[in-house]
Amino acid sequence: MADSGVTDEPGTKDDVHRAKTEGKELSKEEKQRLRKEKKQQKKNKEKKDEKASHESEKKKNKEEKPVSAAAPASQPPTQPSTQKAPSAVPAPAPVPVPVSETPALADKPAKTKADLKAERRARQEAERASKQAATSKPKAPPNELQPVVKRLPEHVQVDNPGVLKKLAKKLERQQIPLRLDYGYKVSLFSHLHQYSRKAPLTQQLSIPSTVIHPAIVRLGLQYSQGIVAGSNARSVALLHAFKQVIRDYTTPPNEELSRDLVNKLKPYISFLSQCRPLSASMGNAIKYIKKEISNIPSQCKEEEAKRKLLSCIDCYIDEKIILAAKAIAKSSIEKISNGDVILVYGCSSLVNHILCEAFEKNIKFRVIVVDSRPRLEGREALRRLVQRGISCTYVLISAVSYILPEVSKVFLGAHALLANGYVMSRVGTSQIALVAKAFNVPVLVCCETYKFCERVQTDSFVSNELDDPDDLIVTRKGKTQLEHWQDVPSLGLLNLVYDVTPPDFVDLVITDLGMIPCTSVPVVLRVKNVDQ
Amino acid sequence: MPGPDKETDLTERIEAFLSDLKRGGSGTGPLRGSAETARETTALLRRITAQARWSSAGDLMEIIRKEGRRITAAQPSETTVGNMIRRVLKIVREEYARSRGSSEETDQQESLHKLLTSGGLSEENFRQHFATLKANVIEAINELLTELEGTTDNIAMQALEHIHSNEVIMTIGRSRTVEAFLKDAARKRKFHVIVAECAPFCQGHEMATSLSKAGIETTVIADAAIFAVMSRVNKVIIGTQTVLANGGLRAVNGTHTLALAAKHHSTPLIVCAPMFKLSPQVGRLSSLNSQFTICISGEILSKVNVHCPVFDYVPPELITLFISNIGGHAPSYIYRLMSELYHPEDHEL
């Protein structure tokens, strides 16, 4: 008792000190109460727990390691959340305190201020740990096989008002205008956005825009008006715009380039996805850039860091797009023989490249270009091929079953390849693959590996893009039937952009890693992830 | 004299009809529905029967065949004309046989037994003259005309047997028969219709506006999206230009793709076709190419072949059901109906 009485007084003094220094989280009285209770507990269990504390310390270390490995990075790694740990934490932490206190008591007059500070720090940490343990008790224990919780992208949750509100708040914070949906949406697609081309987002921006870099504004306008279209073209344009952004970037004082630049890019990406939903290839490119930026070491000078980033981007474009195209062309040319009649759909930069390369190698073949309303992208492909001197035929997609008996091979481009083997491409591709299968014509899909995507999808409804419905309106024989479609309540126009082709329609996928069947896409993704 | 006037009047009418057909079929696709063409053809044939000079059934059949060949040559794609001519020829044969007193059944069927026992084809030269033949033939043609008047309604009356509520029905292009069919069902049931626009003429737009004005929930899609939306479709109901003898179809461009997509998703494909569209021709027909304007710039247009077929052939395996004015049939039954409508000797005009 004498001991406890003696120890109490310096304890209370220390308590007051600690309360002054800490003071933010708990009120003084609460802190004092907590400490007094713990001290009593400690002294009662002191000797018993000394040995037990050593054992539990070891246990605590072991537990903390797997717990921190399993828990996602968002949770602080040192947070022990099992039932055992909280009891272990206050036990070892306070145990050294009374241990240090008792010699301190003995040598109290000889203690320096530094020693006192060290003691206080140790006690503060112990209190903090105990408080964390106390609050973390109600949390559930994490499993080793914690399921990966993927956040659903906002652009497929338009029918959820909560998500829309969150998006509006986020855009307001980033000072980007919100783009409004247009026209009557078909009920099957009420979970997707439908914008009008006549109301681009840039009209709602103030000029000059201080938040968004002008290169990004220009890019957004090009996307929403369809001036830059096609998976590769959009990715390359995006990367060039980001290069410009990086060149014009200066690190603000007291900020690190690796963190600040990533934060600067976030509103740009929001803006671009408002102009037109991001494609899978763009998503992969953005992930790559963000990774490269955050990997910049903090002691790197700004100029050097910028140079490094620019060269990384150039390297990405060269490797993943240009060299990949060359590799794919080389493999594809083996599949084209003299006298072939090749059917292509729409305008795929990769397929056009392959055909031009094959023509350079003096292979005799002719091409049938299939086109579809309302985009009529086949005209562009036709123009490019005819300029090279390739003999072409042009049909609309409704005539595919008429022309297919003449065809020997079908070459299709892809927007993305999904992890369950489905090919996501321009709407109409699955139709062509279906008819080709019915006529026993081989279907070859050409796709670079950077377009491979971890998503899975089985139909064209759950995730798609709705284009401007007014594009379907056309004048024939002097009459525009659908001109006033908005006035008719039960009439809707549907202008889909993408569709998914099941893997049983596709015979071969030609990638820069070689020729693979459609079902090997998850294997390639795994290999890529392991490499990175 | 009334004779020559009548004749000139008749030739004038035939010429007018021919020029109408030619104009209607060239370039921009048929301007009027097949039902109208069928009715006008039948009316014209009645006039020929009434006004032309003939003494026996054989003469009449010769005249009809001659005019028929001219008319079909003017517009080969319009098969209803040929079908009506064959129907009238069959009517003439029937009336002749009835006037002669022999039963119709045994005369028309060339059975193996008959071939072996009678020792050769019975020569039927239709040379006998019957006074009442003209009146009988005209009466029969009138009956045919009334039948033609009611075909669309007969088909539309069957709509409720095939459409239940909350269905999603897909169709392509514009068919007056299907339009009437769907509108009739919409009076009692609520369902959703998806119309494929059928480029390049985009007849689907007209169909969609007409259906939506009747209060049916309609969606217009591009041809390219047919397979993409097919997984949510419960039935495909289409019209056709011609039904072939093997149960196949000759329908508007894009129908074959639609049929393949429906087969892939095991969606029933229902064809609404009145009986006058049945044609004795079999198998793939050479498709017509029509001119249409697409925005290819002039310089490459000369180096490019452009194809724009008007019709598609759909094989009978892809079709589930035919709905005609006399009820529903499987594609395998069509050949039997054909033999009831036309005489085998008339298959080639």
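Trainee: How much of chain A counts as buried?
Mentor: Of the 532 residues in chain A, 49% count as buried, where buried means under 20% relative accessible area, exposed over 50%, and partly exposed in between, with a 1.4 Å probe and protein chains only. This is a predicted model, in which local features need pLDDT of at least 70, side-chain atom pairs count only at pLDDT 80 or more, and totals for chains, interfaces and linings use all residues. Residues are numbered from 1 along each chain as its sequence is written, chains are lettered from A and ligands numbered from 1 in the order in which they are written, and side-chain values use heavy atoms, with hydrogens and water left out.

Trainee: Which secondary structure elements does chain A have?
Mentor: Chain A has 16 helices and 11 strands, taken as DSSP runs numbered from the N terminus (helices are H or I with at least four residues, strands are E with at least two). Among its contacts (heavy atoms within 4.5 Å) between residues at least 6 apart in sequence, 76% join residues at least 24 apart.

Trainee: Switching to charges, how many salt bridges are there over all chains?
Mentor: The search of the whole structure finds 38, a salt bridge being a side-chain nitrogen of Lys or Arg within 4 Å of a carboxyl oxygen of Asp or Glu. Several are joined up: Arg197(A), Arg375(A), Glu377(A), Arg426(A), Asp467(A) and Asp471(A) are linked in a network of salt bridges.

Trainee: What about Lys451(A) and Glu448(A), are they buried or exposed?
Mentor: Both Lys451(A) and Glu448(A) are buried, and they form a salt bridge whose closest N and O atoms are 3.0 Å apart.

Trainee: In chain B, why does Arg65(B) count as buried?
Mentor: Arg65(B) counts as buried because its relative accessibility is 15%, whereas Glu62(B), with a relative accessible area of 41%, is partly exposed. The two form a salt bridge with the closest N and O atoms 3.3 Å apart, and they are separated by about one helical turn because they sit three residues apart in helix H3 (residues 57-74) of chain B.

Trainee: Where do Asp9(B) and Arg13(B) lie?
Mentor: Both are in helix H1 (residues 2-25) of chain B, four residues apart, about one turn of the helix, and the closest N and O atoms of their salt bridge are 3.8 Å apart.

Trainee: Now the interface: what area do chain A and chain B bury between them?
Mentor: They bury about 4,400 Å², 64% of it on carbon and sulfur atoms, where buried area is the accessible area (1.4 Å probe) that two parts lose on being put together, summed over both. In chain A, Ser398(A), Tyr402(A) and Ser490(A) lose the most area to chain B, together 15% of what that side buries. The contact takes 50 residues from chain A and 50 residues from chain B.

Trainee: How many salt bridges cross the interface of chain A and chain B?
Mentor: The rule finds two across that interface. Asp459(A) forms a salt bridge with Arg232(B), with the closest N and O atoms 2.5 Å apart.
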